[in-house]
Amino acid sequence: MEPNTDDQIEGQRIVAIRKMRDTELEHEGWAARRGNSPPVIELESGAILYPSMDPEGNGPGALFGIGAADEAFFISP
């Protein structure tokens, strides 16, 4: 895995929020997680962003956030 810099994704438009596809799960070695796919944020460049349970990529994770009014939320496509 190669590091990425903020300027490679900053300013791009989000075109979809969806579940991770089986082929993407397989690419990460997470094929056993089928049916329990994490959310994916797809950017206009075709790049995708998705949560991992840890920096080593040992499994998928959940995507949480805090809105402008300080309300907590999670993303579930």
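Select E24 and R18: the two form a salt bridge, with the closest N and O atoms 2.9 Å apart. A salt bridge here is a side-chain nitrogen of Lys or Arg within 4 Å of a carboxyl oxygen of Asp or Glu. Side chains of opposite charge can pair when their charged atoms come close.

This is a predicted model, where local features need pLDDT of at least 70, side-chain atom pairs count only at pLDDT 80 or more, and totals for chains, interfaces and linings use all residues. Residues are numbered from 1 along each chain as its sequence is written, and side-chain values use heavy atoms, leaving out hydrogens and water.

Now colour by accessibility. Both E24 and R18 are buried. Buried means under 20% relative accessible area, exposed over 50%, and partly exposed in between (1.4 Å probe, protein chains only). R18 counts as buried because its relative accessibility is 13%. E24 has a relative accessible area of 15%, so E24 is buried.

Return to E24 and select R21. Their side chains meet in a salt bridge at 3.7 Å, N to O. R21 counts as partly exposed because its relative accessibility is 45%.

Show the four residues together. Salt bridges that share partners join R18, R21, E24 and E42 into one network.

How many salt bridges does a search of the whole structure find? The search finds four.
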